[in-house]
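Take a look at it, then work through the points below.

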Amino acid sequence: MPKITIDGKELEFKQGQTIIEAAKQGGIDIPHFCWHSSLSVSGNCRICLVEVEKLPKLVIACSTLAADGMVVQTASQKTLDARNAVMEFILINHPLDCPICDEAGECKLQDYAYEHSVGESRFVEEKNHKDKRVQLGPRIMFDGERCISCSRCIRFSDEIAGKNQLTFVKRGDRVTITTFPGESFDNNYTLNTVDICPVGALTSADFRFKSRVWEMSATDSVCVGCSRGCNTEVWVRDNKIQRLTPRHNEAVNSHWMCDYGRLNTFKFVNDETRVDGPSIRREGQLIKVSWDEALNLAHDRLREFKTSEIAFIGSAFATAEDNYLFARLAKHMGVHNIDFARHIAHGDFDNLLLLEDKTPNSLGAELAGIKPEHGGLSFDEIMEAVKIKKIKALYILEDDLAGLGEEYAAALGKLDLLIVHAVNYNKTTDYADVVLPSAAFAEKNGIFVNFAGTAQRLKPATTTLETDRALDGMSMSRWDVFGTKFDRWANGSRYDARPSWRIVSMLSQKFGLKLKFQMAEEVFRSLSEHNKHFEGLDYDNIGRKGALVKNISLPVPEKIK
Amino acid sequence: MDFKFTEENLQRIEAARKKYPTALAAVMDTVYIAQEQNGYISDEVMSEIADVLGIDKVNVLSVVTFYTMYHTKPMGKKHIQVCTNVSCMLRGGQELYEMVCERYGVSNMGVTEDGKVSVEEVECMGACGYAPMIAINEDFYENLTKEKVNEILDALQ
Amino acid sequence: MEKIVLPEIKDLHLIEVYENNGGYSAAKKAFARSTDDIIDEVKKSGLRGRGGAAFLAGLKWSFMPKTTNKPKYLCINGDESEPGSFKDRQIFEYNPHQLIEGILIASYAIGANTAYIYIRGEYHKWVKMMQKALDDAYAKGYVGDAMKATFGTDFSCNIYVHKGAGAYICGEESSLMNSIEGHRGYPRVKPPFPAQNGLWGCPTTINNVETITNVPWIINNGWQKFASIGAEKHPGTILYGISGHVNKPGVYELPSGMLLTELIYEVAGGVPGDKKIKCVIPGGSSMPPLRGDQLEGIRMDAESLKAAGSAIGTAGIMVMDEDTDLLKVLLRIAKFYHHESCGQCTPCREGTGWLEKILKRLASGKGTSSDLDLLITVANNIEGNTICALGDAAAWPVKFMVARFRDEFEKYVNKEIQLPVKNKVHAMRGTAVPLADIKH
């Protein structure tokens, strides 16, 4: 392999890689604004100018191909001078908005100014003025003064989203970015431009002014909007999810996620409709009771039915662990009618990320054992059987069946017993006899398996009554670390909810099945020991990037743009 | 008020397209033709150009806003361009420019109320050896003095 | 002296007149020779580009790949927007067919079947003249498919005029290509160079109008004759454009390497009122200006001007007499580059505006001596750090004008004024600095 020397470090690189790529691979970060590993090279910001031995002028690391034997200096005096010069130029017309700018704290310009600037400006003239509050699209706000014309958003829209909707207009330092007059920057991927904007020029209309970046904790997670399972970070303040951002995983979602997933898959976690503690129906009303009382009632009532009259509905919204124990309980009880509902929105997909299956874990649910066994009924058959009262008791794991349509709601009305695990009150809980509050995806550990068979980890980002940010080793914001319990920001709502696997294991004790798991990780270990698809997998080797499940043939997914 | 190219202009656009392997490359010629027909390039003119060439609208917008000779607002019937760059400036170009502005009571890119005249301070027009110069629409007037300019402008009315 | 580019023949722009004077015979001769032979001939002639960089034309042609399955293109740069330059329009007006013939020969040499003549938009009249000449040449079968029969060759080439629309930057070869492709005139990052990756990603050569117009003469008269004219390392004639404070401004075709003083005092008739010269810009406004008291002995060719601390550029000579206000001149130049900066890359986009703002402040009497140093360092920070040469072009006049005429500029600065506020950005980094220690 050819070798390049960067700052005295000899690095191997692949033919065709640029200096910045070779450096990145070798752990050397060359400052950059306009360069993005998934976009074409534009070379306009000039901050990545580096010195290459034997070349008369500095070259930009983002477009200059690495060559065998090349010697590069990224911290020589000449390089530092050029970098400072570029920083000074970018800053002369950049407004001092940092105190009110959403980007502050995760702003490349701010970081580099701290790292590479001299700390004093020689610019005493009036700064240029441009439009500061432009509604570029329904979800995107644009501030022309903050823009450093790196063109990342323009290139993203054209090259990745495939929507050529943004352009530079005018010339020189009057240049700004706009859509065609009267048109809106509106496609399902616009919010990615906020992520890749190296400054605060593009901000999310949804997140704008919600929180300073350092006041939030960020936790690795997975989007629950569809079966792509885009890797995300969940940003939390006051124990409330403030926003989701995509997390880089080249094999799953690259750097991106869709606007739909970003905006519609976390608000229910913060919502007032959360189920807070178990409840049972008495005289038509749901009454809050203790866990024990609720579970006892669930157990006692289930015992009233023949196993052929009972059906278990697993969930593609619940984790593999949840579904696994749910299936174990069904098996223990001899219930063969076990399946889960598919949520397929026919035609609602695109060529980038969005898939028709609007659940994050249908493959995981199936592989973990949610499928009819020994002549048991499938989901559709179960629902038919409910209608004719052949099935009299349903135990539903985290799914709003009544929300699927009138027909389903009517069927649920005919049941003699309905036990439901639910994150939020919904149409299904309206019919439930026992409602068991389950922790949301953002409150628990667990595994989702995406459409392509990649097992991916969820981690708790918000706390429930039984979890603790510090004691449970959750990610902490500066406020979490330095605040006290008397501070206002500690006052976010915490719900009495538990991961479904725990609820199922508690219930299983009552049926004489000893599922003694303390942690999700132990449940998963048991799953990997008992299930060939999860063989050899554990939380560590699944890690941040996921790992493929085994012994299954799936079409190889296309590479994300 | 819909903008549509005339049949003749559509043919000219078709001829322009044949010069290049891509339709996008014909955009500059097409904007010129549109400006000739409509006087200036409005948003709907840009839409129509995009339609006729089968290119994205933002591509038209980005080009129209880059080049100074494309006007997104109506200019005067007579668009007077006065060069004030160095060679002209050394020979009185700046004074000519101020005189012309004063004469019509407009500033740079201003249009008289009757819409007959607009004035633009332009960069070097490539007439340095014949400075100072002005251009009215497409015609150059060179080796000027204030008197000569006044004569030329008098004749406009 | 024989004129190569603008011979003094009446109505030479008419195709018949051009034909009667041996027109299109060089092309016929060229097509009978091998392409390597033609490139070699032009290489040996020492013909250098007349657009500013003075690069060897034949060498440039030789960069074109011989084996490629992509089409190849020739672009003729007639954007002519450099202040002080007004030579190419003479060729469009007086000798367009020699340009066309040159294009045919160059296209043949590099294997291009399509050539674009990029003419700045403001040159409406000359665009029409060039188009007329081209139409005539097509009609006579010198261009396009018909040329195969006319010249008895397998080679054919189409030539199109592309009209610019007001953007100085399009004279930069890669923005010129982007402009032809229908984009904003943004320069491209190099490498890749046009010979590998030019118009529509295909191998492309870009030559200046004047450069190419020399080619038929070289084919007709041989490289030796061309090489013997003018300066040894920059041979041939040059279209000198002389403007500003001279009695007879205009374009003059004369051998390269002429004494600058001879051009000003004899060819252009000297300075009106016999005033002294304060400053001369020898090659268009981007080139470093020379002091009037430095002109003795300076010759107009690439090597001599380089030695004198400037460059030949487009050989557009701007003369300024002793009464010229150099601050106004420099402010006007800075305003020009600020207006024309495309805005793509940071140093030029931000720096050109900053330079103009500082100079404006100086002109309004609110400058200090340290602003002069600031001008030079800002210019230095732009220079060499940009995508294209416009950065250098904007930086050089400021940097060299201030440095070479410091005495002149010191007159404008107010030594009393100290700026009240200096922007301090996170001066508190590291350990806290007592407020009293922060000097404003």
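Start with Cys75(C). Leaving aside neighbours within four places in sequence, Cys75(C) is in contact with Tyr116(C), Tyr118(C), Leu176(C), Met177(C), Ile180(C), Leu199(C), Thr204(C) and Ile206(C). Two residues are in contact if their C-beta atoms, placed from the backbone, lie within 7 Å. This is a predicted model, in which local features need pLDDT of at least 70, side-chain atom pairs count only at pLDDT 80 or more, and totals for chains, interfaces and linings use all residues. Residues are numbered from 1 along each chain as its sequence is written, while chains are lettered from A and ligands numbered from 1 in the order in which they are written.

**The nonpolar core**

- The largest nonpolar core has 353 residues.
- Met133(B), Cys75(C) and Ile105(C) have the most contacts inside this core.
- A nonpolar core is a set of buried Ala, Val, Leu, Ile, Met, Phe, Trp, Tyr and Cys residues joined through C-beta atoms within 7 Å.
- A residue is buried if 20 or more other C-beta atoms lie within 10 Å of its own, exposed if 12 or fewer, and partly exposed in between.

**Domains**

- Chain A has domain 1 (3-92), domain 2 (100-268) and domain 3 (279-442 + 498-548); such bounds come from an automatic or database domain assignment.
- In chain A, the centres of domain 1 and domain 3, taken over C-alpha atoms, are 53 Å apart.
- Chain C is divided into domain 1 (15-227), domain 2 (232-321) and domain 3 (326-410).
- In chain C, 34 Å separate the centres of domain 1 and domain 3, taken over C-alpha atoms.
- Ten residues of domain 1 of chain C are in contact with eight residues of domain 3 of chain C.
- On the domain 1 side of this contact there are six nonpolar, three polar and one charged residue.
- For these classes, Ala, Val, Leu, Ile, Met, Phe, Trp, Tyr, Cys and Pro count as nonpolar, Asp, Glu, Lys and Arg as charged, and the others, Gly among them, as polar.

**Where chains meet**

- Between chains B and C, 32 residues of chain B are in contact with 44 residues of chain C.
- Helix H2 (27-38), helix H4 (57-64) and helix H5 (86-89) of chain B each supply at least two residues to the chain B side.
- Helices (H or I, at least four residues) and strands (E, at least two) are DSSP runs, numbered from the N terminus.
- The chain B side has 21 nonpolar, eight polar and three charged residues.
- Chains C and A also touch, with 31 residues from chain C and 33 residues from chain A.
- H16(C) gives the most to the chain C side, with ten residues.
- That side of chain C has ten nonpolar, 14 polar and seven charged residues.

**Strands in chain A**

- Four bridges join S1(A) to strand S2 (residues 9-12), and the two run antiparallel; strands pair if DSSP finds at least two bridges between them.
- Lys3(A) stands opposite Glu12(A) in S2(A).
- S1(A) and S2(A) form a hairpin with two residues between them, and Asp7(A) in the turn has a positive phi of about 50°.
- S1(A) also pairs with strand S5 (residues 71-73), in the parallel sense over two bridges.
- Thr5(A) has Val71(A) as its bridge partner in S5(A).
- In strand S13 (residues 240-246), five of the seven residues are buried.
- Strand S12 (residues 231-237) pairs with S13(A) in the antiparallel sense over six bridges.
- Val234(A) stands opposite Leu244(A) in S13(A).

- Most residues other than glycine have a negative phi, and most peptide bonds are trans.
- Ser151(A) has a positive phi of about 75° although it is not a glycine.
- Ser151(A) lies in the loop between S7 and helix H4 (152-160) of chain A.
- Is Ser151(A) buried or exposed? Ser151(A) counts as buried because 25 other C-beta atoms lie within 10 Å.
- Ala131(B) and Pro132(B) are joined by a cis peptide bond, with omega about -5°.
- Pro132(B) sits in the loop between strand S3 (117-122) and strand S4 (134-136) of chain B.
- The peptide bond from Pro191(C) to Pro192(C) is also cis, with omega near 5°.
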